[in-house]
Amino acid sequence: MAKLGHAEGAEAALRQATEIFERGHAIADTGNDAFAFPERRFLLYMSGTLTALRRTAEARRVQESALALHPEKTGIDPALLHFEAALCLAHEHSTEEACQLAAATFLRTEPAHRTPIVEERAREVVEVLPPRVRGSRAARELREIVALPPGQM
């Protein structure tokens, strides 16, 4: 909802999800997030919502908390959290830093984990930049990195 511009609905959904999660209706941590909904997974979705709402200070706190709960520092979820941090930087007009973080995150992500959503999040960092800076060196480098075929990095 937040990405579609429905801020009020996103805020309401976020409040409701938080209440449900805090009441303990989350599925216990089984060690496999595909069959559970532990706190780190909840924080991943909260981060995405807060980032889309451009509540960057809150989003960054949630991202840090979520990353601290990931025993492995690689994989899709940590990469998505780093891309959201890059989006926050872009929203805060730290365009070069945003592109550098997104590029480093993409390069750090194993080719097997470079799913379409990972690629889309990396591209999204450039898309949210003001049009006048989308052609900057850092933005061009990020686009080039994402466009390379797997195994070329």
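## Contacts, core and helices of the chain

In this predicted model, residues 24 or more positions apart account for 54% of the contacts in the chain with a separation of 6 or more. The chain holds seven helices and zero strands, and from the N terminus on its elements run α-α-α-α-α-α-α. Of its 153 residues, 41% count as buried. The chain exposes about 8700 Å², and carbon and sulfur atoms supply 54% of that area.

In soluble globular proteins, nonpolar side chains tend to be buried together. Here the largest nonpolar core has 36 residues, and those with the most contacts inside it are Met-46, Phe-83, Phe-106, Val-125 and Leu-142. The elements that give two or more residues to this core are H1, H2, H3 (56-68), H4 (76-91), H5 (95-108), H6 (116-127) and H7 (137-147). H4 provides the largest share of this core, nine residues.

### Helix H1

Helix H1 covers residues 7-22. At 1.5 Å a residue, its 16 residues should span 22 Å, and its end C-alpha atoms are 22 Å apart, so the two values agree. The buried residues of H1 are Ala-10, Leu-14, Thr-18 and Phe-21. They cover an arc of only 70° around the axis and therefore sit on the same side of H1. Glu-8 and Gln-16, on the other side of H1, are exposed. H2 is included in what covers the buried residues of H1. Just after H1 comes Gly-24, which takes a positive phi of about 90°.

The table gives the relative accessibility of each.

| Residue | Relative accessibility | State |
|---|---|---|
| Ser-47 | 0% | buried |
| Phe-83 | 0% | buried |
| Val-146 | 7% | buried |

The cut-off for a buried residue is under 20% relative accessible area. Val-146 counts as buried because its relative accessibility is 7%.

Ser-47 lies in helix H2, which runs over residues 39-52. Leaving out residues up to four places away in sequence, Ser-47 touches Ala-59, Val-62, Gln-63, Leu-81 and Glu-84. With one of these, Gln-63, the side chain of Ser-47 also makes a polar contact of 3.2 Å, side chain to side chain.

Phe-83 is itself among the core residues with the most contacts inside it. Apart from neighbours within four places in sequence, Phe-83 is in contact with Ala-102, Thr-105, Phe-106, Val-118, Arg-121, Ala-122 and Val-125. Phe-83 and Val-125 are 42 residues apart along the chain, and their C-alpha atoms are separated by 7.5 Å.

Val-146 belongs to helix H7. Not counting residues up to four places away in sequence, Val-146 touches Phe-106, Glu-119, Ala-122 and Arg-123.

Key
Residues are numbered from 1 along each chain as its sequence is written. This is a predicted model: local features need pLDDT of at least 70, side-chain atom pairs count only at pLDDT 80 or more; totals for chains, interfaces and linings use all residues. Side-chain values use heavy atoms; hydrogens and water are left out. Helices (H or I, at least four residues) and strands (E, at least two) are DSSP runs, numbered from the N terminus. Buried means under 20% relative accessible area, exposed over 50%, partly exposed in between (1.4 Å probe, protein chains only). A polar contact is a pair of N or O atoms within 3.5 Å; within protein, one must be able to donate a hydrogen and the other to accept it, and residues adjacent in sequence count only if both atoms are side-chain atoms. Contact means heavy atoms within 4.5 Å. The expected span of a helix is 1.5 Å times one less than its number of residues. The arc is that of the directions from the helix axis to the C-beta atoms. Accessible areas come from the Shrake-Rupley method with a 1.4 Å probe; for residues, only the protein chains shown count as cover. A nonpolar core is a set of buried Ala, Val, Leu, Ile, Met, Phe, Trp, Tyr and Cys residues joined through side-chain atoms within 4.5 Å.
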